[in-house]
Amino acid sequence: MVNTGPTPVTVIGLGAMGQALATAFLDAGHPTTVWNRTAAKADPLVAKGAVRAETVAEAVAAAPLIVVCVLDYAAVHALLGPAADELPGRVLVNLTNGTAQEARASAQWAAELGAEYVDGGIMAIPPTIGTPDSVILYSGSQQAFDTHSKALDLLGTSKFLGTDAALASLHDLALLGAMYGMFAGAYNAIAMVGTEKVAATEFTDELLVPWLNSMVAVLPMLAEEVDSGAEVSEGRRLVERVALTNIIDTAKAQGVAANFVNPLQAIKDNT
Ligand code: FVH
């Protein structure tokens, strides 16, 4: 008889994120096998019905869909290398954070072993896994993604970016970079007003968040200008040379570094 139930899934890596991923599969009724270097981290999942594999090779052999989410790509390869004999014919979905170059090299490595490879970038935190707020970027084997999209959709809102395995990491890191740029600016702003004993919370709630929200609304217009190749854009006009110089001078005078605006100054100097 053909088994039409939920696809068996293996999750390798049970840190904060791996635990959330495995829980989403378990909650949806997928037979779920788990493995983690520190075996005790599997205990809560085993209590919910997961099967604990004793070795990585056993974990890989247990399912057609293998999801791996560990610290970095070095760990991915150190774990899966010795289990290479079990990989042919399986789909490996690697949700570990890494560079675009590491993703491409991993796709090549998996192809040489006869496995289908999908790379992923998780734009979410563990508590939002399993909700639409969790956006997960994928790229690599379209066939593998399509075959397992129903299971992967349990983790959040899936977005397949193309067959180049590097694309998910590229987009993930670009988005994280934008976020870190915002954090850098916010920390700098809080430090500047903090020199005059203004509370960070009061400043953030009343002024910083509303200001940044109103500026986010400008981004689609800047993007249109980039796409159209406009030589002098509204974005560049918004970056005022005088204001930039004043930010740096005031920050320095108040004893705060404002290095984060240096790239903007370079843009302005070229217009
Ligand atoms: N947590 C988050 O909010 C972010 C959201 C966006 C995506 N990241 C990336 O997801 C990967 C895993 O992150 P995590 O939050 O699960 O991280 P930890 O809780 O620190 O768990 C790390 C797991 O990796 C295992 N591990 C580390 N080194 C090795 C190794 N050499 N060999 C085998 N396993 C290794 C570790 O095992 P253990 O310490 O429990 O034995 C955990 O399972 C990551 O790429 C984030 O950037 C999360």
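How exposed is Arg104, in terms of relative accessible area? Arg104 is partly exposed, at 46%, where buried means under 20% relative accessible area, exposed over 50%, and partly exposed in between (1.4 Å probe, protein chains only).

1. Basis. This is a predicted model, in which local features need pLDDT of at least 70 and side-chain atom pairs count only at pLDDT 80 or more, while totals for chains, interfaces and linings use all residues. Residues are numbered from 1 along each chain as its sequence is written, and side-chain values use heavy atoms, with hydrogens and water left out.

2. Overall. The protein chain has 12 helices and eight strands; helices (H or I, at least four residues) and strands (E, at least two) are DSSP runs, numbered from the N terminus. The C-alpha trace spans about 75 × 40 × 30 Å along its principal axes. Of the 271 residues in the chain, 38% are buried. Contact means heavy atoms within 4.5 Å. Among contacts between residues at least 6 apart in sequence, 59% join residues at least 24 apart.

3. Salt bridges. There are two salt bridges in the structure, the term standing for a side-chain nitrogen of Lys or Arg within 4 Å of a carboxyl oxygen of Asp or Glu. One joins Arg104 and Asp164, at 2.8 Å from N to O. This pair links distant parts of the chain, 60 residues apart: Arg104 lies in helix 5 (residues 100-113), and Asp164 in the loop between strand 8 (157-160) and helix 7 (166-194). Asp164 is partly exposed, with a relative accessible area of 29%. In the other, Arg52 pairs with Asp43, and the closest N and O atoms are 2.9 Å apart. Both partners count as partly exposed, Arg52 at 30% relative accessibility and Asp43 at 38%.

4. Helix 5. The 14 residues of helix 5 should span 20 Å at 1.5 Å a residue, and the end C-alpha atoms are 20 Å apart, which agrees; the expected span is 1.5 Å times one less than the number of residues. Ala100, Ala103, Ser106 and Ala110 of helix 5 are buried. They cover an arc of only 120° around the axis, so they are on the same side of helix 5; the arc is that of the directions from the helix axis to the C-beta atoms. An α-helix has 3.6 residues a turn, so residues three or four places apart point the same way. Gln101 and Glu112 are exposed on the face turned away from the buried side of helix 5. The cover over the buried residues of helix 5 includes helix 4 (73-80), strand 6 (116-123) and helix 7. Just after helix 5, Gly114 has a positive phi of about 85°.

5. Helix 6. Which residues of helix 6 (residues 142-152) are buried? They are Ala144, Phe145, His148, Ala151 and Leu152. Their arc around the axis is only 105°, which puts them on the same side of helix 6. Gln143, Thr147 and Lys150 are exposed on the other side of helix 6. The buried residues of helix 6 pack against helix 1, strand 4 (65-68), strand 5 (91-94), strand 6, strand 7 (135-140) and strand 8.

6. Around helix 7. Thr163 sits in the loop between strand 8 and helix 7 and is exposed, with a relative accessible area of 59%. Leaving aside neighbours within four places in sequence, Thr163 is in contact with Gly140 and Gln142. The C-alpha atoms of Thr163 and Gly140 are separated by 4.2 Å, with the two residues 23 apart along the chain. Asn188, in helix 7, is buried at 6% relative accessible area. Not counting residues up to four places away in sequence, Asn188 touches Val256, Ala257, Ala258 and Phe260.

7. A backbone point to check. Lys197 has a positive phi of about 65° although it is not a glycine. Most residues other than glycine have a negative phi. Lys197 is in the loop between helix 7 and helix 8 (200-216) and counts as exposed at 76% relative accessibility.
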